[in-house]
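Here are some remarks on the model, set down in the order in which I would raise them with a colleague. Please read them alongside the sequence and the coordinates.

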Amino acid sequence: MKYYSLLCKVALLMMTAGWLHAQESLVSPVTRTLALTNANIVQKPGQVIEKGTIVIKDGLILAVGKEVKIPVGARVIAADSMYVYAGFIDGLSHTGVPRPDNTQAQRGQAPRPQQAQQVNRSNPTNEQSGITPEQQVKDQLKADDKSIEEMRKAGFTAAHVVPRGNMLPGTGAVVLLKGSSADAMVMRNETALFSQLAGAGRVYPSTVIAVMSKWRELYKRAEQAKAHEAMYAKNPTGMARPNYDRSLQAFYPVIDKKMPVFFAASDLKSIHRALTLQDELKFPMVLTNVKQGWEVANVLKSKNIPVLVALDLPKEKKQPEKKEGDKDAAKKEKSITEQEMEILEKRSAEELQRYLAQSGVFEKAGIEFAFSAMTVKSTDVQSNLRKMIANGLSENTALAALTTTPAKMLGVANVMGTVEKGKLANLVITDKPYFAEKSNVRYVMIEGQLFEYEVVTRKAGDPNANAKPAGIWSYTINVPGQTTEGRLEIVDSNGSLSGTISNSQTNQETPISNAEIKGNALTFSANINMGGQSLVLDYELLIDGNNMEGTVSVGQFGTFRVEGSRNPGKN
């Protein structure tokens, strides 16, 4: 189904309902003067200006304070009693880098059988082994990838983005989360060499031990090649010409300690292995996406190794409610299996508690850390931060880990990380303090370009419900100023959901994808084409008998209320 007509109306209605300024900023994003007035301005952790004003001109902060003169002709945005922060900086992720279609090749695995004769599994090419340190992330970056908008909605204005891959995917870049092309988005290129202990599948190095061995080999070869090139450049007489290898040359800035290695090491074993390599080879390193680092806090502090804490948290397991009246069962002696299960559950709960308290442990140990959004859902960021704060992390340190600390780590503290005159107008504006319950991101500004977000309240689903989504549903999408009707058909084949969706304006159907029901929460997606641009509509609906309600997210256009009912006799 094509939603061209619907989406055109959606876009038009958004512009007429107050989104016009955001669309106009796409034409001239840094030529307008804006003023945010009467706001609580958190310039940096622990430093707040109450009822202050910020003036932005040409994408930069022109002035900030209580007694600030607003230039004539400036567009004034009344941020009455809202909270303004420096735009958040993601320390490491794949934001803007789409997942590859050919995951087999991306993981460095051997080709399919008909091509197997072309591969020497014990001595594969670097690309087959997942060794591409010379690759730059800007060559993978896509300005229209939906992850950019998702992170922006969570308050992030910049991200340290690295390529996808295995052992040595390539070098990262600091990227602004707006722009029409990769070149327009990249602010600082070649910020770090990204590495992880990921084997190449069916070719060497396929195991963690093999990866570590290959790491040592490459680093030492790079040191030798660098020394050879230096000697040859000084006096080539009588010397063999160096064999210039781009993969080895990518290590040169690391050897010179001008570029760090951002090493992904989530679990305790990976952390120890990364520390072992660093201790042997003495390269500058930042441990990233750390999830089990509390046991090595003293080691990290003594070595002065910066850390990026993973923003995702394990889900808490809900214990099933005990049914009353089963007195006989309660009196039965527990079996060994049941006792073992209790022990495992207790250990799991203790592990979760340590996980939640990890950032607080790092803070008390004086370890410099920021956050990595590598594996977190953007919609979980705010709630996960609240859990960390509830388990020992201070709000000031949490804010620093989103702003000043990653700015320092990434070498961009002179242009972002705080709300100060002369810095980029990268701002996050919330209706309550960011870490407070029910706080919402209302505006995000990147280099003076303003993005506005409507607050859409979603009801919580019931995971214990047993909703039946199969049937034909009539639904409406409530866009500001207009209601659009449509038809949704869902087929349940032994728990596997599929179906189609259409609207009354075109009567054309398109398949739904990724359909899933959990309790009474139904989620699915639909791809649409708008003027040659592919968009993904993500539906989140709650089913109550023959009624449903929820939201649909329409890419950069926003999120809208959906209501529907099952057609009689179509269950």
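**Notes on backbone and ring contacts**

1. Asparagine 494 sits in the loop between strand 18 (482–493) and strand 19 (496–503), and in this predicted model its phi is positive, at about 55°, although it is not a glycine. With a relative accessibility of 85%, asparagine 494 counts as exposed.

2. Lysine 51 also has a positive phi, near 50°, in a residue other than glycine, but it is found in strand 2 (residues 47–57). Lysine 51 is exposed, its relative accessible area being 59%. Most residues other than glycine have a negative phi, and most peptide bonds are trans.

3. The peptide bond joining tyrosine 204 and proline 205 is cis, with omega about 0°, and proline 205 belongs to the loop between strand 9 (186–196) and helix 6.

4. Among the 15 aromatic pairs of the structure, tyrosine 219 and phenylalanine 283 form a tilted one, with 5.9 Å centre to centre and 50° between the planes. Because tyrosine 219 lies in helix 6 (residues 208–234) and phenylalanine 283 in the loop between helix 9 (268–281) and strand 11 (285–290), the pair ties together parts that are 64 residues apart in sequence. Both tyrosine 219 and phenylalanine 283 are buried.

5. The buried residues of helix 4 (residues 146–153) are Ser147, Ile148, Glu149, Met151 and Arg152, and their cover includes strand 6 (88–93), strand 7 (156–161), helix 5 (182–185), strand 15 (441–446) and strand 16 (449–452). Arginine 152 lies over the face of phenylalanine 451, at 3.9 Å from the ring centre.

Conventions
Residues are numbered from 1 along each chain as its sequence is written. This is a predicted model: local features need pLDDT of at least 70, side-chain atom pairs count only at pLDDT 80 or more; totals for chains, interfaces and linings use all residues. Side-chain values use heavy atoms; hydrogens and water are left out. Rings of Phe, Tyr and Trp (its six-membered ring) pair if their centres lie within 6.5 Å; planes under 30 degrees apart count as stacked, over 60 as edge-to-face and the rest as tilted. Helices (H or I, at least four residues) and strands (E, at least two) are DSSP runs, numbered from the N terminus. Buried means under 20% relative accessible area, exposed over 50%, partly exposed in between (1.4 Å probe, protein chains only). A charge sits over a ring if NZ of Lys or CZ of Arg is within 6 Å of the ring centre and within 35 degrees of the ring normal. Contact means heavy atoms within 4.5 Å.
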